[in-house]
Amino acid sequence: MEFLLLQARNQSDRAAAHERLSFAQVIGVALGEIVVWDLLSGAPPASRLASADCVLVGGSGDFRIRDASRHRWLRDFIDTMGRLTLTDTPVFASCFGFQATVAACGGRIGTEKVRAEIGTFDVIVSKDGCDDSLFNTVPRIFAAQFGHVDHAATLPSNLVNLGRTKRNEFQAARVRGKQFYLTQFHPELSMEANRERTIMYAKGYEREGFGDSLDEILANFRPSPAASTLLRRFVTDTVGLRADS
């Protein structure tokens, strides 16, 4: 089985290997089944996306959606996420992948620092989420791991809103009629893994000057077992991965 992980990370970014390992551990597959595509070298062709059993997208330490005007690869990546919404390929996109999909479908990405969420926050499942075959498997309010600056300010009409937090109205969505989910939070990260990731980017967070200090961020981590089940359940239901594999 092959999971194609679309990564937008510089070669020096230690989070690249960390991200790949986190996806493998939470899904419950061998590391070799997570195959990385380097987006900085260009977007994968449609044939490559179609050959994967599932497409995954994670975060990005050094890039933001607003950088698209300066990076051809980023514009191509956003276009790729838009094209994927029209296919039947199973897709799970978190964080940067969430924002790219929202942008590709015509939504607006906001940049207010007061809406940044780094650490563990509670997600409140929406009415549509309660009726969703994936999100109805988790509690109405559950803890999840976050690490984002930008946020979805509007949600396109082809996306169904599945959850929110106190700071942001749109935290999870599904493409209507598709096995394509996107979350602003990181279901691939455990509390420990997210804390490690935060420490990796500590200097960058301090430069950004968020409302939350680094000490406050590191103090608010909590376990998020329910969020982790979302990714595994998605893969089990869409790709047919056995629970004991």
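The model is predicted, so local features need pLDDT of at least 70 and side-chain atom pairs count only at pLDDT 80 or more, while totals for chains, interfaces and linings use all residues. Residues are numbered from 1 along each chain as its sequence is written, and side-chain values use heavy atoms, with hydrogens and water left out.

Rings of Phe, Tyr and Trp (its six-membered ring) pair if their centres lie within 6.5 Å; planes under 30 degrees apart count as stacked, over 60 as edge-to-face and the rest as tilted. By this rule there are eight aromatic pairs.

Select Phe63 and Trp73. The ring centres are 4.9 Å apart and the planes stand at 80 degrees, so this pair is edge-to-face. Phe63 belongs to the loop between strand S3 (54–57) and helix H3 (72–84), and Trp73 to helix H3, so the pair ties together parts ten residues apart in sequence. Helices (H or I, at least four residues) and strands (E, at least two) are DSSP runs, numbered from the N terminus. Phe63 is buried, at a relative accessible area of 10%, and Trp73 is buried at 10%. Buried means under 20% relative accessible area, exposed over 50%, partly exposed in between (1.4 Å probe, protein chains only).

Select Phe77 and Phe96 next. Their centres are 5.7 Å apart with planes at 20 degrees, so the pair is stacked. Phe77 and Phe96 are both buried.

Then display Phe92, Phe135, Tyr181 and Phe234, which form one aromatic cluster.

Finally, select Ser22 in helix H1 (residues 15–27). Beyond neighbours within four places in sequence, Ser22 is in contact (heavy atoms within 4.5 Å) with Glu188, Leu189, Ala193 and Arg197.
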